[in-house]
Structure formats: C-alpha cells, structure tokens
Amino acid sequence: MSPLLYYAVPALGSYVMLSIFFLRRPRLLHTPCAPAFYARLVAHRGGSGEKLENTMEAIENSIAQRANLLELDCQLTRDGVVVVSHDDNLSRQSGVDKDVGSLDFEELPLYKEELEVYFSPGHFAHGSDRHMVRLEDMFQRFPRTPMSVEVKVENDKLIQEIASLVRRFGRSEITIWASEKNSVMKKCKAANPEMPRSFTISRGIWLILLYYLGLLPFIPISEKFLLCFMPTIINRTYFPFSCSGLNQLVAVVTKWLIMRKSLIQHLEQRGVQVVFWCLNEESDFEVAYSLGASGVMTDYPTALRRYLDNHGAS
C-alpha cells in the first residue's frame with residue numbers, strides 16, 4: 001500500500017463515520033430554535049381545489065379545516081397595493097390579457113366562474129367569491145394565521161410593501177418569505193430579516209449536494225422551511241416539461257435524490273420543517289408523512305384534514 005493510501009483510507013473512513021454519526025444526531029452540533037408554529041396542513045393558493053384560488057372564501061374554507069399554514073403569492077398593482085394573486089398576467093384567472101401591475105386595485109377584474117386546479121388536471125374549482133383580495137385584508141382578517149408569501153420577481157417595491165405590512169401587523173414570526181430565486185430572497189431577507197425563510201431552488205440543490213458529500217451535518221442552515229415538490233407526482237398531476245419521457249426521467253432521478261428519510265429526519269431535528277407539495281391524493285399524503293415530512297401542501301384541505309383526523313394527527 002502506498003503511503004498516500006495508508007493515511008487516506010483511514011481518514012476517509014473516519015470522515016464517513018463522523019458524518020453518519022452527526023447526520024443522525026445533529027443536535028450535538030446545532031441547537032434548533034423552537035418553531036413559532038408547525039406546518040402540518042398547508043393550503044396551496046389558499047385551498048384552490050375547493051374554492052376559487054386565493055379568495056377570502058377559499059381562505060375561510062381552509063381555516064375551517066384547521067389549516068396550519070396558508071400558501072400565497074403576491075403581486076403589486078399600479079397604485080401600490082399588494083394583492084394575493086398567483087399570476088402577474090390576468091388571462092388565466094380572469095380572462096383579461098393585462099398584468100396586475102398595469103391596473104389600479106379598483107380596476108382589477110373578477111376571477112372566472114371556474115378555474116382548473118393546476119395540480120389536478122381536469123378538475124375545476126368554483127365559488128361565489130370572485131374578488132381578488134389585498135394582503136392587508138388577509139392579515140387583518142386572520143391576524144394569527146401563519147402564511148407563506150411567495151415573491152416571484154425582483155420587484156423592490158413589492159418586497160418593501162410586504163415587509164412593511166408584516167411589521168405593521170406584528171406577524172414577522174408567522175409569515176414566511178418564499179421565492180425560487182436567490183436574488184429575490186436576498187432582498188426579502190434585507191427587507192425583513194426577522195421573517196423565517198424557505199429554501200430557494202439553488203439553495204435546495206446546494207442542500208442535496210452537501211447531504212451526499214457528507215458535509216451537511218457540519219454546515220449551518222439559516223432557512224426554516226423546505227417547501228419541496230414530491231417527485232412521485234411528476235407525470236401524474238405535475239408536468240414540468242412538455243416531453244413525457246423527460247418528465248419520467250426527472251421523476252426517477254429526483255425521487256432517488258430527494259425522498260430520503262435520513263435527510264428529512266436530519267432537517268427536522270435541526271428545526272427545518274419539510275413540506276411536500278402539491279399533493280391532492282390520499283396515497284401521496286401517506287407517502288409524505290411516512291417519510292417524516294412535517295406537513296403536506298394541498299389544494300384540498302378538507303381531504304387532508306380528513307386524512308389527518310383518521311390517522312390521529314393534529
């Protein structure tokens with residue numbers, strides 16, 4: 001055996017053993033903060049499978065099902081009002097080919113009478129409430145209900161307005177910054193660093209890489225939530241690509257990479273809540289919770305509440 005291998009093999013073996021040891025016992029290195037709330041039942045777009053998405057009626061329905069967290073997206077109108085809307089362009093939601101930012105709040109059109117549920121293709125939601133609502137109204141109506149606020153674009157004014165509203169209503173601990181983009185999240189953190197943050201896409205990839213390199217137990221984590229798609233819904237209710245073969249490949253690869261109970265348990269012990277989206281079938285609820293996920297994000301809060309009650313979960 002060469003001198004290099006003589007020292008390298010034992011060193012590598014020791015590193016692997018230490019990594020596994022602290023992966024299973026992360027609290028020996030890190031002290032997690034107690035969460036302000038637990039996200040067990042998360043209502044996607046306010047519960048968009050049962051009522052029209054992001055309306056007050058949808059939110060009230062989700063609250064009635066004891067949702068622990070509301071997932072919302074925000075846009076900014078021309079007159080500076082933060083509204084709860086998934087899309088910037090209103091074509092899908094309202095049939096009007098205009099951007100939210102090109103209209104004043106009072107000019108925003110009504111939602112369509114029915115909207116297809118994105119993660120349940122072929123299913124449509126209906127409701128008597130077709131009005132787009134202000135984030136301020138959400139905060140005022142449900143002052144202690146945790147909400148995840150996603151910012152999709154680099155709009156400094158939008159970010160500052162959200163941060164200001166959160167501070168005014170004294171809800172920094174129960175309002176989550178969410179964004180897919182690192183550049184947006186940096187601005188969100190600067191605007192209100194007291195709000196918990198979720199992983200961006202690039203930070204999520206970094207997390208997975210650290211896990212497989214064995215470095216994750218030794219690296220600090222500042223995020224409090226991992227809001228992650230569950231790979232098994234690809235090609236069933238989620239179609240990220242137009243090519244079925246590519247979707248199948250992504251499903252297989254991401255399932256192997258992400259659906260690791262040891263990874264999820266490690267994050268949970270470090271105070272990071274793992275929420276899988278967007279699950280609308282009981283079999284998917286079962287898979288997510290069996291992996292140790294903190295919660296599930298769904299379009300159908302009534303179905304998830306029934307599942308949780310039947311399984312003795314809160």
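In this predicted model, the largest cavity has a volume of about 30 Å³. The count of cavities of 30 Å³ or more comes to one. Around the largest cavity stand Arg 45, Ser 48, Glu 53, Leu 115, Glu 116, Val 117, Tyr 118 and Ala 125. Sorted by class, this lining comprises four nonpolar residues, one polar residue and three charged ones.

Open pockets come next. The largest pocket has a volume of about 1,100 Å³, and 43 residues line it. To find its centre in the structure, look for Glu 180, Ile 201, Leu 227, Phe 229 and Trp 277, the lining residues that lie nearest to it. Both helices and strands take part: two or more lining residues come from each of β2 (69-76), β6 (147-150), α7, β8 (225-229), α8, α9 (261-269) and β9 (273-277). Of the elements, α7 gives the most, with six residues. The lining of the largest pocket has 28 nonpolar, eight polar and seven charged residues.

The second largest pocket holds about 270 Å³ of space. Its lining includes Cys 33, Ala 34, Pro 35, Ala 36 and Phe 37, along with Glu 173, Glu 194, Pro 196, Lys 224, Phe 225, Gly 271 and Gln 273. Seven of these lining residues are nonpolar, two are polar and three are charged.

A pair of aromatic rings is described by the distance of the centres and the angle of the planes. The structure holds 14 aromatic pairs, one of which joins Tyr 212 and Trp 256. The centres of these two rings are 5.5 Å apart and their planes lie at 10°, which is under the cut-off of 30 degrees, so the pair counts as stacked. Tyr 212 sits in helix α7 (residues 201-213) and Trp 256 in helix α8 (residues 244-258), so that the pair links distant parts of the chain, 44 residues apart.

Helix α5 (residues 156-168) packs against helix α6 (residues 182-191) at an angle of about 35°, and their axes are 9 Å apart. The crossing of these two helices is right-handed. On the α5 side, the contact is made by Asp 156, Ile 159, Gln 160, Ala 163 and Arg 167, while α6 contributes Val 184, Lys 187, Cys 188 and Ala 191. In this contact, five residues are nonpolar, one is polar and three are charged.

Methods. Residues are numbered from 1 along each chain as its sequence is written. This is a predicted model: local features need pLDDT of at least 70, side-chain atom pairs count only at pLDDT 80 or more; totals for chains, interfaces and linings use all residues. Side-chain values use heavy atoms; hydrogens and water are left out. Axes are lines fitted to C-alpha atoms, for helices over the stretch in contact, and angles run from 0 to 180 degrees between N-to-C directions. Helices (H or I, at least four residues) and strands (E, at least two) are DSSP runs, numbered from the N terminus. A crossing is left-handed if the near helix is turned anticlockwise from the far one by less than a right angle, and right-handed if clockwise. Contact means heavy atoms within 4.5 Å. Ala, Val, Leu, Ile, Met, Phe, Trp, Tyr, Cys and Pro count as nonpolar, Asp, Glu, Lys and Arg as charged, and the others, Gly among them, as polar. On a 1 Å grid over the protein atoms alone, a cavity is a set of points where a 1.4 Å probe fits but cannot get out, and a pocket is an open set with protein on both sides within 12 Å along at least five of seven lines; lining residues have an atom within 4 Å of a point. Grid points are joined across faces, edges and corners, and a volume is the space filled by probe spheres set on the points. Rings of Phe, Tyr and Trp (its six-membered ring) pair if their centres lie within 6.5 Å; planes under 30 degrees apart count as stacked, over 60 as edge-to-face and the rest as tilted.
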